[in-house]
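Visitor: I would like to learn how to read the links between side chains in a protein model. Could you take me through them slowly?

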Amino acid sequence: MKNEPTLQQTRDIKVIAGFTEVWCAGQQHTGRQQHTLLQGMPPLLLCPDCAAFLDYAAKKRMNCPLDAEKPTCRRCRIHCYAPQQRALVKQIMAWSGKRMILRGRLDYLWHYFF
């Protein structure tokens, strides 16, 4: 990533990273290795496919043209993801969100419902 991420970009990237890490572990993907996404962020344990998806998602978030008034991706008027990745992120968010909420991550209710 070229530019230093803003605070909002960093938050959004951390959210999708958490969801993706839960998804990767829960789906029992093989070949999981440590993957560093942002400087200062702890490494994530991801398979190569999930790491590639997360790099794609972070790149799209960093290049979002709506940074000043960025809504959640579900409510965005511009859909940056390719159709295949958009379907995958919906699947990841739905599956992981339920598990994270059940584990006490109530702050993710916002991302799950909105």
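Visitor: How many salt bridges does a search of the whole structure find?

Guide: Side chains of opposite charge can pair when their charged atoms come close. A salt bridge is counted when a side-chain nitrogen of Lys or Arg lies within 4 Å of a carboxyl oxygen of Asp or Glu, and searching this whole structure gives one. This is a predicted model, in which local features need pLDDT of at least 70 and side-chain atom pairs count only at pLDDT 80 or more, while totals for chains, interfaces and linings use all residues. Residues are numbered from 1 along each chain as its sequence is written, and side-chain values use heavy atoms, with hydrogens and water left out.

Visitor: Which residue forms the salt bridge with Asp12?

Guide: The partner is Arg61, and the closest N and O atoms of the two are 2.7 Å apart. The pair links distant parts of the chain, 49 residues apart, since Asp12 belongs to helix H1 (residues 7-26) and Arg61 to helix H2 (residues 48-62); helices are DSSP runs of H or I with at least four residues, numbered from the N terminus.

Visitor: Is Arg61 buried or exposed?

Guide: Buried means under 20% relative accessible area, exposed over 50%, and partly exposed in between, using a 1.4 Å probe and protein chains only. Arg61 is buried at 7%, and Asp12 is buried too, at 18%.

Visitor: How many disulfides does the structure hold?

Guide: A disulfide is a covalent bond between the sulfur atoms of two cysteines. It is counted when a pair of cysteine sulfur atoms lies within 2.5 Å, and this structure holds zero. The sulfur of Cys24 has its closest cysteine sulfur in Cys50, at 3.7 Å, which is too far for a bond.

Conventions:
Helix = DSSP H or I, 4+ residues; strand = E, 2+ residues; numbered from the N terminus.
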